[in-house]
Amino acid sequence: MTLESPRTVEVGRYYQVPCVQMKKWGKAYFPVIGPLHEDKEFLDFPWQHWHCDFRFISDRFADKLCKGREKAYLLAQVVAADTTALGPILKKKLCQRPMPDFPWSLLEWQRSLGKLEIAYAKHHINVENPICPHRGLPLVAPPDKRGVTVCSGHGLSWDLHTGALVCRASKNFSEREVLP
Ligand code: FES
């Protein structure tokens with residue numbers, strides 16, 4: 001089941017957000033974005049999971065989840081379906097932050113992203129209703145000055161003016177450098 005996530009949000013306001021209750025965290029509800037899916041194809045991740053919606057995670061909870069890593073790391077974190085007590089339900093959550101940049105410092109992630117970029121190089125998004133064609137996540141991160149938004153799922157970047165994919169990792173795929 002997928003419940004729609006709010007597309008544009010304002011920090012400090014409450015929104016109805018799809019959440020799952022994780023067995024590990026007792027009664028806490030964990031905000032998620034996009035459909036339940038697995039990523040065998042390019043990312044070698046065969047488990048059914050949701051992505052967390054970092055906008056609605058408090059600093060206190062983020063600190064527990066990140067365990068010393070940068071908070072952007074949360075964007076690469078997932079909630080496995082078999083760790084949840086229930087499917088997603090809507091809960092009222094406070095918007096804590098706009099979506100940050102994708103965690104480019106994860107070198108392994110850049111390699112996977114490079115493969116994804118090659119596979120999706122010819123795809124375009126509908127700029128009126130931007131949804132990532134990879135796994136159907138809504139493109140909710142605020143665009144940068146050039147109008148480029150980063151998908152909170154696996155980091156594909158999309159130009160919201162033209163709908164085209166913006167490649168970042170595949171150009172440097174063999175160099176394994178941290179991208180700017
Ligand atoms: S859903 Fe995978 S990159 Fe967007």
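1. Two strands are taken to pair if DSSP finds at least two bridges between them; helices (H or I, at least four residues) and strands (E, at least two) are DSSP runs, numbered from the N terminus. On these terms, the structure holds an open sheet of 5 strands in the order β4-β3-β2-β1-β5, with antiparallel pairing. β4 (78–80) and β5 (89–94) stand at the edges, each with a single partner strand, so one side of each has no neighbour in the sheet. On average, neighbouring strands of this sheet are turned by 50 degrees against each other, direction ignored; the axes behind this value are lines fitted to C-alpha atoms.

2. This is a predicted model, in which local features need pLDDT of at least 70 and side-chain atom pairs count only at pLDDT 80 or more, whereas totals for chains, interfaces and linings use all residues. Residues are numbered from 1 along each chain as its sequence is written.

3. Within the sheet, β2 and β3 (residues 45–52) run antiparallel and are joined by 4 bridges.

4. The protein chain contains 3 helices and 8 strands, and from the N terminus on its elements run β-β-α-β-α-β-β-α-β-β-β. Its radius of gyration is 16 Å, close to the 16 Å that the globule rule gives for 180 residues, so the chain is as compact as a globular protein of that length. The radius is taken over C-alpha atoms, and the rule is 2.2 Å times the number of residues to the power 0.38. Along its principal axes, the C-alpha trace spans about 45 × 30 × 30 Å.

5. Of the 180 residues, 32% count as buried (20 or more other C-beta atoms within 10 Å of the residue's own, with C-beta atoms placed from the backbone).

6. The chain is divided into domain 1 (14–94) and domain 2 (107–172), with bounds from an automatic or database domain assignment. Their centres, taken over C-alpha atoms, are separated by 20 Å.

7. At the boundary, 10 residues of domain 1 are in contact with 12 residues of domain 2 (contact: C-beta atoms, placed from the backbone, within 7 Å). On the side of domain 1 that touches domain 2, the elements giving two or more residues are β2 (29–39) and α1 (40–43); β2 gives the most, with 4 residues. By class, this side has 7 nonpolar, 3 polar and no charged residues (nonpolar: Ala, Val, Leu, Ile, Met, Phe, Trp, Tyr, Cys and Pro; charged: Asp, Glu, Lys and Arg; polar: the others, Gly among them).

How values were computed
Buried ≥ 20, exposed ≤ 12 C-beta atoms within 10 Å, placed from the backbone. Contact = placed C-beta atoms within 7 Å. Axes fitted to C-alpha atoms, helices over the stretch in contact; angles between N-to-C directions.
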